[in-house]
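User: I would like to learn how to read helices in a protein model. Could we go through some of them step by step?

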Amino acid sequence: MFRSPQLTSVAQARREAKRKLPRSVYWWTEAGTERRQTVRANREGFREIGLRARVPDSHEPRGLATTVLGRELSMPVITTPAGFIRIAHPDGELGVARAAEAAGTACGIGILASYAIEEITAAASEVWFQLYMIGGREGSAIAIERARRAGCRALIVTVDFAALSGPMDVQRGQPGVPDRVDLATALRYAPEMALRPLWALNFLRAGLELTFPNAPPVEGEAVLTTGQAAAGIMAHPPTWDDIAWVRRQWDGPLVVKGITDVDDARRAVAEGADAISVSNHGGNSLDGSVATIRALPAIADAVGGEIEVLLDGGVRRGSDVVKALALGARAVLVGRPYIWALAAGGEEGVRQILEVYRQGIAGTLTLLGCPSVGDLGPANLRLPPGFGA
Ligand SMILES: Cc1cc2nc3c(=O)[nH]c(=O)nc-3n(C[C@H](O)[C@H](O)[C@H](O)COP(=O)(O)O)c2cc1C
């Protein structure tokens, strides 16, 4: 029913998602705040960087494997945590985790996932659980303990989603993601669903479920709606004191996601993080904040010797991955591309898009005359003067 053509690029996955999803749901995947300046900046940052072509060094296959947080990954591309993705396809986070496992890489799973974390860790070995401090420290202690028992390998604390600076730009759709799935909502969305009957049928067959089984209760009440979830996030955005507290609760690898400032990166090191992701939430939080690829070089210079520096935001091709690695990232996380691929073809779509990245990295390395991802550096790039934050 959700058959999709073989995905050969992120642009194609995006077109397929647009074709298959109701308008509001599609525009939710495009997510950006206010004027979408940061969404665009993330992409433009990559476009500004050129590459230095060199004659191939050998016929040997390129080395894509790397070690992140102590585990070998087959390539430096990880799926980033994202909430509510079951709305894109019933395979949801479970399909993403299976696809990441098949690709030999790690997956970030958001606290707002629709599948129980135990079901996900049963399907994949390298699961990084992402925490929003829903329910404050009390709720977070419950969520962290559950992630530990489920066997999650790493904990990601997202620090850049403390408030909205302005409205989300979902206006091109209509009401955004539904707050709950009930009759009133169904009627409101009926005109869009009528235009996407296959999506609607799949959603109905999956039991209309858009729940948050991993979110802790807030004041004794289960988190049931997207509105409650958003309020729970905004009620307790993590401060540095909270990060120190989380560090004491979790003895595995800790990733602080949402850093674009050198002093914040240093503070993350001081609080005991094992990695940071240079991230602006995909331009989905503070509009006007810097492109992540521009923020990366100074941050990698400052803390790259002490912790692992990851990056997310706007990575759409294998050559983008190569650029981020050449500027000091150990690996990248990708968001919208796999959500579009999920919408296009469920778990199989995500597998395909991860292979698109793999082939793109290998091809770029060959054209750079670079044997492996570990050999990349600024010498492989043509950077415009003054490139940085
Ligand atoms: C639809 C959507 C939902 C997201 N939900 C979450 C979330 O629940 N937790 C989180 O830490 N980040 C979330 N993010 C941010 C991503 O983890 C990541 O920072 C961003 O998507 C990377 O940019 P890219 O989409 O350009 O690859 C979300 C992003 C999108 C587009």
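User: How many residues has helix α3, and what distance does it reach from its first C-alpha to its last?

Analyst: Please keep in mind that this is a predicted model. Helix α3, residues 37–48, has 12 residues and reaches 16 Å from its first C-alpha to its last, which is close to the 16 Å expected at 1.5 Å a residue.

User: Which residues of α3 are buried, and what covers them?

Analyst: The buried residues of α3 are Thr38, Val39, Ala41, Asn42, Gly45 and Phe46, and their cover includes α12 (292–303) and α13.

User: Why does the distance between the end C-alpha atoms of helix α4 agree with its number of residues?

Analyst: The 12 residues of α4 (residues 92–103) should span 16 Å at 1.5 Å a residue, and because its end C-alpha atoms are 17 Å apart, the two values agree. This helix is mostly covered, with 10 of its 12 residues buried, and these buried residues pack against β4 (77–79), β5 (107–110), α5 (117–123), β6 (127–131) and α14. After α4 comes Gly104, which has a positive phi, near 75°.

User: How is a pair of packed helices described, and at what angle do α13 and α14 pack?

Analyst: In general, one gives the angle between the two axes and the distance between them. Here α13 (residues 318–326) and α14 (residues 336–368) pack at about 60°, with axes 7 Å apart, and their crossing is right-handed. In α13, the residues that meet α14 are Gly318, Ser319, Val321 and Val322, while their partners in α14 include Tyr357, Gly360 and Leu365. The residues of this contact divide into 5 nonpolar, 6 polar and no charged.

Technical notes
Residues numbered from 1 in each chain as written. Predicted model: local features only at pLDDT ≥ 70, side-chain atom pairs only at ≥ 80, totals over all residues. Axes fitted to C-alpha atoms, helices over the stretch in contact; angles between N-to-C directions. Helix = DSSP H or I, 4+ residues; strand = E, 2+ residues; numbered from the N terminus. Left-handed = near helix turned anticlockwise from the far one by under 90°. Contact = placed C-beta atoms within 7 Å. Nonpolar A, V, L, I, M, F, W, Y, C, P; charged D, E, K, R; others polar. Expected span 1.5 Å × (residues − 1). Buried ≥ 20, exposed ≤ 12 C-beta atoms within 10 Å, placed from the backbone.
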